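I opened a new notebook page for this chain.

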Amino acid sequence: MFVLELTYTAPLDAVEPLLPAHVAWLDEQYAAGVFIASGRKNPRDGGVILAVGGDRAAIEAITAADPFVTEGVCAYRITEFIATKTAPELAPYRQPSAS
């Protein structure tokens, strides 16, 4: 599982016009089963996405295609973690702990 933290690198007035394209990109990733949650940070200086599947290289390729990235208004910080415990609804995404 991955935590994708995006931080705006441009003012909000540069980010706002790109929101429809960003939301369409998000919708594609939800439809593909890669994203399981997302939303804005508070204060509004970026967002957070929970992603599953693939490996780090695949996640890096997905984030590189975000219109926010291609238009140069955000940067991503990608953190991989092993989800050994989850809410019941997220049980399909649990991973065995490395012993």
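Predicted model: local features only at pLDDT ≥ 70, side-chain atom pairs only at ≥ 80, totals over all residues.

**Entry: burial**

I looked up Phe-35. Its relative accessible area is 3%, so Phe-35 is buried. I then checked Trp-25. Trp-25 has 4% relative accessibility, so I logged it as buried. Tyr-30 came out at 32%, and therefore I wrote it down as partly exposed.

**Entry: aromatic pairs**

How many aromatic pairs are there by the rule of ring centres within 6.5 Å? I counted three aromatic pairs. I took Trp-25 and Phe-35 as one of them. Their centres are 5.3 Å apart, with 70 degrees between the planes, and the pair is edge-to-face. Where in the chain do Trp-25 and Phe-35 sit? I found Trp-25 in helix H2, residues 19–31, and Phe-35 in strand E2, residues 35–40. The two residues are 10 apart, and the pair links distant parts of the chain.

Next I looked up Tyr-30 and Phe-35. Why is this pair edge-to-face? The planes of Tyr-30 and Phe-35 stand at 90 degrees, and the centres are 6.1 Å apart, so the pair gets that label. Planes over 60 degrees apart count as edge-to-face.

I moved on to the strands. I read the sheet as open, with four strands in the order E2-E3-E1-E4 and antiparallel pairing. Which strands are at the edges? They are E2 and E4, the latter spanning 74–80, and each pairs on one side only. From one strand to the next, I noted an average twist of 15 degrees.

I then followed E2 to its partner. E2 and E3 (residues 46–51) run antiparallel and are joined by five bridges. Opposite Phe-35 I found Ala-51 in E3.

**Entry: helices on the sheet**

What does H2 touch in the sheet? H2 packs on the sheet and touches E2, E3 and E4. I logged about 160 degrees between the directions of H2 and E2. H3 lies across E1 (2–8), E2, E3 and E4. Against E4, H3 runs at about 160 degrees.

Technical notes: Residues numbered from 1 in each chain as written. Heavy atoms only, no water. Phe/Tyr/Trp six-rings, centres within 6.5 Å; stacked < 30°, edge-to-face > 60°. Buried < 20%, exposed > 50% of the residue type's maximum accessible area, 1.4 Å probe, protein only. Pairing = 2+ DSSP bridges. Axes fitted to C-alpha atoms, helices over the stretch in contact; angles between N-to-C directions. Contact = heavy atoms within 4.5 Å.
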